[in-house]
Amino acid sequence: MNALNSNSGAPCRLWRLSTIILFLIVLLASLAPVQAAAQLAGGEDTASLETQRDALFQQMLRDPANLDLTFKYADVAARLGDYEAAVSALERMLLFNPDLPRVQLELGVLYFRMGSYSLARDYLDRAAAANPPPDVRSRLDQYIAEIEKGESRHRLTGYFFSGVQYQTNANVAGSSVILSPIGPVLLNNQFTKQASGSIFGSGSVLYSYDLETQSRDTLDVTGATYLNHYFNSW
């Protein structure tokens, strides 16, 4: 009798599995054109920026004292991820005029993105000492705070995740009535379909201490926890 009950539920489970697979296929197929369009748009933007960079470079060669051209070239180079070219152009601007807080700010930002925190801090401090306008000052404070955080020997990170789940047939039961040689038999409640749910949560914390070695060794202490509470609706 159990075998017959199990076999009767197999087509239902197979149909559910087929439905899930079909849904995933349709979802992936609908996302593919969007992803392809985004990649195409990104490629077109890159090509346009590269064209602008090459044109600005030629203009700089003809007019090296034009600081506006140099700043535009550095901006385009930075947007392309060519930080070295952008840094070279901005540092050349300071040779013509060393009192340019905005240029010093951009140099500090570029060195920050390249991970050279000491050089970044030097340029940011020089820009801050020049009494920059409020918008420049705001960015200076933001990056200086990030550098101080990055240079700290202590780092604490973590995450927390929680959720709720509910099942209308937690014990995967079939009909409450089965057929037997003596006729229909009504099963007890514990053998029939039952609903159930749970609340769960998990979290992890990582403390890292920088040993300040050349190989950037750290001492890590981690902890994790998982909580789960089940409840039944019957």
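Select Gln-104: with 5% relative accessibility, Gln-104 counts as buried. Keep in mind that this is a predicted model. Gln-104 sits in helix H4, residues 101-113. Now show its surroundings. Leaving out residues up to four places away in sequence, Gln-104 touches Leu-94, Pro-98, Tyr-123, Arg-126 and Ala-127.

**Next, the whole of H4**

Select residues 101-113. How many of the 13 residues of H4 are buried? Ten of them are, so H4 is largely enclosed by the rest of the structure. Colour the buried ones: Pro-101, Val-103, Gln-104, Leu-105, Leu-107, Gly-108, Val-109, Leu-110, Tyr-111 and Phe-112. Then bring up what covers them. The cover includes helix H2 (67-79), helix H3 (83-96), H5 and H6.

At 1.5 Å a residue, the 13 residues of H4 should span 18 Å. The end C-alpha atoms of H4 are 18 Å apart, which agrees. Step past the end of the helix to Gly-115. Gly-115 follows H4 and has a positive phi, near 85 degrees.

**Into the nonpolar core**

Select Leu-90, Val-103, Leu-107, Leu-124 and Leu-140. These residues touch the most other members of the largest nonpolar core, which has 34 residues. Which elements give two or more residues to this core? They are helix H1 (2-62), H2, H3, H4, H5 and H6. In soluble globular proteins, nonpolar side chains tend to be buried together.

Stay on Leu-124 and display its contacts. Beyond residues up to four places away in sequence, Leu-124 touches Leu-105, Gly-108, Leu-140, Tyr-143, Ile-144 and Ile-147. Two of these names, Leu-105 and Gly-108, were on the list of buried residues of H4.

**Out to the loop and H6**

Find Asn-131. Asn-131 is in the loop between helix H5 (117-129) and helix H6 (134-151). Is Asn-131 buried or exposed? At 70% relative accessibility, Asn-131 counts as exposed. Look at its backbone too: phi is positive, about 55 degrees, although Asn-131 is not a glycine.

Move on to Arg-137, in helix H6. Arg-137 is partly exposed, with a relative accessible area of 34%. Setting aside neighbours within four places in sequence, Arg-137 is in contact with Ala-128 and Pro-132. Now draw a line from Arg-137 back to Pro-101. Their C-alpha atoms are separated by 9.5 Å, while the two residues are 36 residues apart along the chain.

**Across to the strands**

Select Val-205, which lies in strand S4, residues 196-210. Val-205 is partly exposed, with a relative accessible area of 45%. Together with Val-205, they form a nonpolar patch on the surface, with about 370 Å² of accessible area.

**Zoom out**

The chain has six helices and five strands. What pattern does the chain follow when read along the sequence? It runs α-α-α-α-α-α-β-β-β-β-β.

The accessible surface of the chain comes to about 16300 Å², and 58% of it belongs to carbon and sulfur atoms. Of the 234 residues in the chain, 24% are buried. Residues 24 or more positions apart account for 54% of them.

How values were computed. Residues are numbered from 1 along each chain as its sequence is written. This is a predicted model: local features need pLDDT of at least 70, side-chain atom pairs count only at pLDDT 80 or more; totals for chains, interfaces and linings use all residues. Side-chain values use heavy atoms; hydrogens and water are left out. Helices (H or I, at least four residues) and strands (E, at least two) are DSSP runs, numbered from the N terminus. Buried means under 20% relative accessible area, exposed over 50%, partly exposed in between (1.4 Å probe, protein chains only). Patches are made of residues with over 30% relative accessible area and no salt bridge: like charges are joined within 9 Å, nonpolar side chains (Val, Leu, Ile, Met, Phe, Trp, Tyr) within 5 Å. Accessible areas come from the Shrake-Rupley method with a 1.4 Å probe; for residues, only the protein chains shown count as cover. A salt bridge is a side-chain nitrogen of Lys or Arg within 4 Å of a carboxyl oxygen of Asp or Glu. Contact means heavy atoms within 4.5 Å. The expected span of a helix is 1.5 Å times one less than its number of residues. A nonpolar core is a set of buried Ala, Val, Leu, Ile, Met, Phe, Trp, Tyr and Cys residues joined through side-chain atoms within 4.5 Å.
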